[in-house]
Number of protein chains: 2
Amino acid sequence: MPKILITRNVGAEAMRLLKATRFELIVNPVDAEPSRAWVLEQIADPDVVAACIMHGQPSDRVDAEFLSHANKNLKVISTFSVGYDHIDVAAANARGIAVGHTPGVLSDAVADLTVMLVLMAMRRVEEGISLVKSGGWPQLPWAPFVMCGPGLGAPNLTIGFLGFGRIAECVVDRLLAFTNKSAPPRVLYTSSRAREDQAEIDAGFSSRWGVDVKRVEKDGLAEADIVIVLCALTPDTEGAVDAALLKKMKKTAVLVNAARGPIVNSDDLNAALDEGEIFGAALDVITGEPHIAPDHPLVLNKRCAVLPHMGSADYGTRNAMADLCVRNAIAGAEGRALPAEVRV
Amino acid sequence: MPKILITRNVGAEAMRLLKATRFELIVNPVDAEPSRAWVLEQIADPDVVAACIMHGQPSDRVDAEFLSHANKNLKVISTFSVGYDHIDVAAANARGIAVGHTPGVLSDAVADLTVMLVLMAMRRVEEGISLVKSGGWPQLPWAPFVMCGPGLGAPNLTIGFLGFGRIAECVVDRLLAFTNKSAPPRVLYTSSRAREDQAEIDAGFSSRWGVDVKRVEKDGLAEADIVIVLCALTPDTEGAVDAALLKKMKKTAVLVNAARGPIVNSDDLNAALDEGEIFGAALDVITGEPHIAPDHPLVLNKRCAVLPHMGSADYGTRNAMADLCVRNAIAGAEGRALPAEVRV
C-alpha cells in the first residue's frame with residue numbers, strides 16, 4: 001500500500017485529514033525531532049509516495065544525501081513552512097518530485113505580532129518590564145514625561161516598510177486603526193525594483209487605504225517615524241539596515257524586524273540605540289538565532305525588545321499551516337496538482 | 001501682579017501658553033517633586049490666583065492643610081491628571097475654588113497600550129522575552145505548536161470588558177482591525193447598572209461596529225476569550241476579578257488590566273495562572289504599585305507581563321494633558337469657565 005511519511009505529529013486536526021485517506025501513514029513516533037538516520041531510512045521505503053517535513057528540524061534537510069536515499073516513487077515533499085531554504089527545490093524537481101509549502105496562512109499572525117512590536121518599541125515596554133523586574137519601580141521619580149515615548153496617535157506620522165508584501169499590507173490595515181484621524185499618516189515602502197506602472201500601483205494603494213502611499217529607495221525610509229522590516233532575506237537585503245541608514249533616521253524613530261535577522265546589522269543597531277540615533281527597537285528575529293546568549297548586547301539593551309521568533313505562533317495559524325502541508329502531501333500522493341507548490 | 005503657581009515644569013509647549021498671559025509665573029525651579037513646605041508657602045502668597053498641581057507628586061495633595069494655607073484669592077486648582085482622588089473637591093469648592101482636570105485626552109494612548117497588552121498576553125510575550133534573557137532560546141526544541149498561544153484572528157472570538165467607557169470604545173475600534181472578518185467577534189461588557197433603554201444602547205453599539213455588542217452581568221464575562229478591565233475603581237469594582245470569576249473563565253482566555261490595580265485580586269490571578277485556569281495575563285497596573293518587589297509572584301509568573309503603569313505615557317498625550325491643565329488654570333485665573341472642571 002502507498003505510504004505518506006510525516007516526520008512530526010502536526011496536530012490532531014491535520015492528522016485526521018491524513019487518516020481519512022487510503023494511504024498508510026508513517027509518523028515519527030516520538031514528539032521530538034527524529035534522527036537523520038530514521039528520516040533517510042523511511043524515505044528509502046519504496047512505498048513512500050509523499051513526505052511531510054519540517055523546516056524547524058535539521059534532520060529533514062532536503063539535500064543531495066536526502067535525495068539519493070529517496071525511493072523512485074516519491075512524488076512530493078511538503079514542508080510545514082513558507083520558507084524552503086532547507087530544500088534543494090531544483091534537484092528535487094529534476095527527479096520528478098514536486099515541493100509544497102504553506103504561503104499566505106501566516107500573514108495575519110505575523111502582522112498581529114508586528115503591530116505589537118511597533119507599540120512595544122514606541123512605548124518603551126522592554127525598559128518598563130526591566131524596571132519592574134529589577135525592583136526599580138518604587139524609586140522611579142514621577143515627572144510629566146517620565147517613561148514617555150512617541151505615540152501612534154501623533155499627527156502626520158510616516159510609516160516606512162522595508163519590503164511591502166502581503167504581511168506589510170496586513171500591518172497597514174491594522175495600524176490605520178491606531179493613527180491620527182485628523183492628521184493621517186503616510187506610508188513609504190521599498191521594493192526590489194520600481195515597476196513601469198509604479199505610479200499606478202501607488203495610486204491603487206493610496207486609494208485603498210485613503211492615505212498617501214509611495215515607493216521610495218531605501219534611503220527614503222530615513223524620513224519615517226517607524227521603520228518595519230518585512231522583506232525577504234536575499235543578498236540584496238542582507239545588512240540593509242546598517243549604520244549608514246540608522247544614522248540618517250530620526251532620533252525619535254523606532255525599528256521593528258519581523259522578517260529575518262540578518263537584514264539588520266546587530267552591532268550597528270546596538271550602537272545606534274546607545275548613541276540615541278534612533279529611539280527604540282523591537283525584534284522577533286535576530287542574526288544568529290536561536291544561539292543568542294543572555295549577554296548579547298541587544299538582549300541587554302533596554303531600548304530593544306528581543307522575542308524568540310514567534311511571528312506565526314498562534315494555534316489557528318499553525319493549524320492552518322498543518323492543514324495546507326498535509327493537503328499538499330495528499331494531493332501529490334494522489335497525482336493531483338498541489339494546492340501550494342513551490343515554483344523556482 | 002496676579003500669579004499662577006506651577007508645581008512642576010509641564011513641558012515647553014504648555015509653558016509657552018502660560019508665558020503668553022499677563023500673569024506672573026511661579027515655577028518649581030527644580031525638575032523634581034518640590035517639598036510640601038515650598039508648596040504651602042507658595043499657595044499662601046496672596047497674589048496666587050491659580051495653581052497647576054501634579055497627581056504624581058504627594059507634595060501637591062489638596063487636603064485641609066493645603067486649603068488652610070491657600071490665600072483668599074485662589075480661584076482655581078488645576079490637576080495634571082484625569083483622576084482627582086488627591087483633591088478634596090467639595091472642600092475646595094466650598095471655599096470658592098474651582099477644580100480642573102484633564103479628561104478625554106488620554107483615551108487613545110491607553111487604548112493603544114491595552115491592545116498591545118492583549119497581544120502580549122495571547123502570544124506569550126513575557127515567556128518569550130524571559131526565555132531569551134535566560135539563555136534558553138538555543139535549547140528551545142522546535143515543535144509545530146511550540147510557544148503558541150491563542151490568536152486574535154480566531155473565528156467567533158468573544159471580547160469581554162469590565163467597564164465600557166470611552167477607552168473601551170477606542171479599544172474596540174482597534175481590535176476590529178485584527179479580528180476574523182468571515183467569523184467576526186462579539187463584544188460583552190459590564191456597567192454599574194442596566195439602563196432602562198439598555199437594548200437600544202446595545203443596538204446602537206452593535207450597528208456602530210457591525211458586531212454583536214451586549215451588556216452582561218459580571219459572570220457573563222466568563223464566556224469571553226479576552227477579558228479587559230477598564231472600569232473605575234470603586235467599592236463595587238474592588239476585587240471584582242477574583243477566584244470565583246477566574247475559575248469560571250475559559251482555560252484559553254487572557255486577562256488584561258489597564259485600569260486600576262485593586263480591581264484584580266493579585267493572589268487569585270497568580271493561582272489561576274499557575275493552575276491553568278486561564279491562559280495568560282498582562283497588567284499595566286497592580287495592587288500596591290509602585291511598591292512592587294522583583295519577587296512579587298505576578299512579576300515572576302511567566303504567563304503574566306507587568307508594566308509600570310505607562311498607559312498614558314506618550315509625548316503627544318502628556319503634552320495634551322499639560323495643555324488642558326494649563327488652559328484650566330488660565331481660564332480660572334481670568335474668571336472664565338474652565339474647559340474641564342471637576343463636578344462632584
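## How the copies meet

Why do the copies, chain B and chain A, meet through the same surface? Of the interface residues of chain B, 100% are also interface residues in chain A, so the two copies use the same surface. Note that this is a predicted model.

## The axis between the chains

Two copies of a chain are related by a rotation about an axis and a shift along it.

## Extent of the interface

In chain B, 65 residues are in contact with 65 residues of chain A. Together the chains bury about 5700 Å² between them. Carbon and sulfur atoms account for 68% of that area. Three residues stand out: B:R123, B:W137 and B:W142. They supply 15% of the area that chain B buries against chain A, more than any other three residues.

One of the residues that forms a salt bridge is B:K133, with A:E126 as its partner. Their closest N and O atoms are 2.6 Å apart. The count of residue pairs in polar contact between the chains is 22.

Which elements of chain B give two or more residues to the side that touches chain A? They are α5 (107–122), α6 (125–133), α7 (166–175) and α12 (315–333). α6(B) gives the most, with 8 residues. By class, this side of chain B has 38 nonpolar, 16 polar and 11 charged residues.

How values were computed: Residues numbered from 1 in each chain as written. Chains lettered and ligands numbered in written order. Predicted model: local features only at pLDDT ≥ 70, side-chain atom pairs only at ≥ 80, totals over all residues. Heavy atoms only, no water. Contact = heavy atoms within 4.5 Å. Buried area = accessible area lost by both parts, 1.4 Å probe. Salt bridge = Lys/Arg side-chain N within 4 Å of Asp/Glu carboxyl O. Polar contact = N/O pair within 3.5 Å; in protein donor to acceptor, adjacent residues only side chain to side chain. Helix = DSSP H or I, 4+ residues; strand = E, 2+ residues; numbered from the N terminus. Nonpolar A, V, L, I, M, F, W, Y, C, P; charged D, E, K, R; others polar.
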